[in-house]
Amino acid sequence: MKQPVPQAEAASRPRILVVDDESSMREMLRIVLRRDGYEVVLASSGNEAIQQLQTAPFDLLLSDIRMPDTSGVEVLRAARQIDGTIVAFMMTAYASTDSAVEAMRLGAADYFIKPFSMDELRLKVRQHLEARQLREENLLLKRALNTRYEFSNILGVSDAMQHVFATIRTVAGTTSTVLISGESGTGKELVARAVHFNSLRRDRPFVAVNCGAMPENLLESELFGHVRGAFTGAHANKKGLVEAAEGGTIFLDEIGEMPPSMQVKLLRVLQDHRFRRVGGTEEVQADVRVVAATNQDLTAMVADGRFREDLYYRLNVLSIVLPPLRDRREDIPLLAEHFLQHHASEMGKRVRTMSAEALQLLQAHAWRGNVRELQNAIERAVALEQTETILPESLPDEVRRSGDVGPTEAFPDLGEGFDLEARGEDFYRHYIALALARAGGVQVKAAELLGMSFRSFRYYVKKFGLK
Ligand SMILES: Nc1ncnc2c1ncn2[C@@H]1O[C@H](COP(=O)(O)OP(=O)(O)OP(=O)(O)O)[C@@H](O)[C@H]1O
Ligand SMILES: [Mg+2]
């Protein structure tokens with residue numbers, strides 16, 4: 001026996017359900033709407049309509065209101081329960097608009113009083129179906145964008161992080177070497193993983209090596225492996241991490257710590273895709289993508305000869321720079337909220353929210369340790385907090401202190417209070433006079449020195465009687 005050939009999906013035409021107990025009306029609507037290219041299904045009663053709605057999806061419902069068994073309003077209610085986005089039009093032969101109003105309240109898009117103009121109906125049907133399709137497309141688009149931009153565990157709303165996301169996306173599509181730089185705790189390893197797991201190599205290994213954590217000779221045999229007898233203790237051949245990462249990505253963390261002799265060997269891997277095991281004679285082919293990270297200024301290291309220039313250029317084919325957290329403070333609330341939820345659920349604590357005061361302190365702090373320091377601060381606060389809300393008292397001392405700016409020479413203590421406006425004026429007078437002097441009396445130039453418009457500058461000059 002032959003297998004039935006699966007039916008190809010018809011190019012999906014919008015589906016309309018027409019409900020009316022009057023057969024001439026149903027027929028007319030069917031003819032008109034079909035001619036406009038819609039798929040039309042007819043129901044002669046409310047019950048039949050509800051049945052249809054339950055068996056297949058519709059884009060639009062066009063229902064009479066008064067019908068013998070189940071009213072159009074009930075059909076509408078059922079329709080919206082089944083699909084909250086369905087477009088619904090109601091029809092009624094009665095001038096009383098009571099049930100029409102009720103229908104609008106239930107979310108009908110419009111209603112028509114019989115007899116109505118078929119052209120008007122056709123126009124409205126078209127407009128509403130187009131709008132509905134647009135909404136659906138937007139939704140799909142948004143979803144696609146999210147999966148592309150969101151590297152689920154890397155959070156950031158700042159422009160700087162959006163730029164990082166866009167770069168990861170571009171970089172992931174290539175096999176080029178990537179250099180990630182940023183202060184400690186800015187998320188370099190997280191980004192390295194995102195590059196790998198969004199690349200075509202995602203099903204192959206991601207191997208991380210900390211170049212700063214090992215003495216030179218150990219690092220070499222870790223990376224490239226060794227052959228039996230290469231050194232005391234090398235009892236057998238051993239594969240290195242470059243081989244372990246074959247076909248995938250090797251993440252060289254703290255690349256700035258790599259000793260010069262290893263820098264040469266790494267250069268060889270990048271240039272010729274070849275390396276030699278420790279004590280080995282043959283050259284081995286390597287197919288690995290290299291992603292390196294550093295919290296040091298490699299260009300400065302190149303300048304004073306601590307890092308090979310040729311290696312630097314080989315590594316820095318594509319570069320991702322992670323800005324310090326203090327330069328993207330917009331990200332702090334989102335990160336804080338995320339860490340709060342994460343640690344609360346991990347510790348099984350009922351801490352739910354961050355108080356406004358605590359958040360203010362978090363936003364003011366300098367975060368020398370960047371996201372890692374923030375995460376630690378929140379973890380500690382969640383552990384200490386006895387209430388549902390994180391209060392300033394649960395934050396580390398140094399974070400709490402960032403809130404109160406102590407008196408300085410420029411900003412003396414408030415003391416018994418003082419006349420702020422007079423002090424402000426002194427400040428203005430001082431700098432306006434200074435700028436004038438520096439600019440040799442040329443007001444346009446002086447205004448520029450103070451980032452002021454010429455007009456406001458002139459105003460102050462006059463006010464203070466300067467010349
Ligand atoms: N944008 C971010 N969203 C969520 N978590 C982040 C983000 N950035 C960093 N983290 C978290 O902060 C911690 C530090 O990140 P990571 O280890 O990637 O930093 P790093 O730059 O490699 O630091 P180091 O230079 O000290 O090795 C990790 O727990 C990481 O999950
Ligand atoms: Mg790291």
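Guide: Let's settle one word before we start: "buried" means under 20% relative accessible area, "exposed" means over 50%, and "partly exposed" is in between, with a 1.4 Å probe and protein chains only. Strands here are DSSP runs of E with at least two residues, helices are runs of H or I with at least four, and both are numbered from the N terminus. This is a predicted model, where local features need pLDDT of at least 70, side-chain atom pairs count only at pLDDT 80 or more, and totals for chains, interfaces and linings use all residues. Residues are numbered from 1 along each chain as its sequence is written, chains are lettered from A and ligands numbered from 1 in the order in which they are written, and side-chain values use heavy atoms, with hydrogens and water left out.

The part I'd pick is β4, but let's come at it from a neighbour. β5 runs parallel to β4, and four bridges join the two; strands count as paired when DSSP finds at least two bridges between them. In that pairing, Met91 sits opposite Phe112 of β5.

Now for β4 itself, residues 87-92. Six of its six residues are buried, so the strand is largely enclosed by the rest of the structure. The cover is on both faces: Val87, Phe89 and Met91 are buried on one side, and Ala88, Met90 and Thr92 are buried on the other. β4 also pairs with β3 (residues 60-64), in the parallel sense and over five bridges. Leu62 has Phe89 of β4 as its bridge partner there.

Zoom in on Ala88, which is found in this strand. With 1% relative accessibility, Ala88 counts as buried. Setting aside residues up to four places away in sequence, Ala88 touches Leu61, Leu76, Ala108, Ala109 and Asp110, where contact means heavy atoms within 4.5 Å. As for Leu106, it is 18 residues from Ala88 along the chain, and the two C-alpha atoms are separated by 9.7 Å.

α2 (residues 46-55) and α3 (residues 72-82) pack with their axes 9 Å apart, at an angle of about 10 degrees; axes are lines fitted to C-alpha atoms, for helices over the stretch in contact, and angles run from 0 to 180 degrees between N-to-C directions. That makes α2 and α3 roughly parallel to each other. On the α2 side the contact uses Gly46, Ala49, Ile50, Leu53 and Gln54, and on the α3 side Glu74, Val75, Ala78, Ala79 and Ile82.

Back at β5, follow the chain onward. Pro115 lies in the loop between β5 and α5 (118-149), and the peptide bond leading from Lys114 into Pro115 is cis, with omega near -5 degrees.

Further along there's an open sheet of five strands, ordered β7-β8-β11-β6-β12 with parallel pairing. β7 (206-210) and β12 (318-322) stand at the edges with a single partner strand each, so one side of each lacks a neighbour in the sheet. From one strand to the next the twist averages 20 degrees. Inside the sheet, β8 (residues 249-253) and β11 (residues 289-294) run parallel, joined by four bridges, with Ile250 opposite Val290 of β11. α6 packs on this sheet: it touches β6 (178-182), β11 and β12, and its direction makes about 155 degrees with that of β12.

α6 has a helix partner too. Its axis and that of α7 (residues 188-197) come within 8 Å and cross at roughly 40 degrees. That makes α6 oblique to α7, given that angles under 35 degrees count as roughly parallel, over 145 as roughly antiparallel, 65 to 115 as roughly perpendicular and the rest as oblique. Val164, Ile168, Val171 and Ala172 of α6 meet Val191, Ala194 and Val195 of α7.
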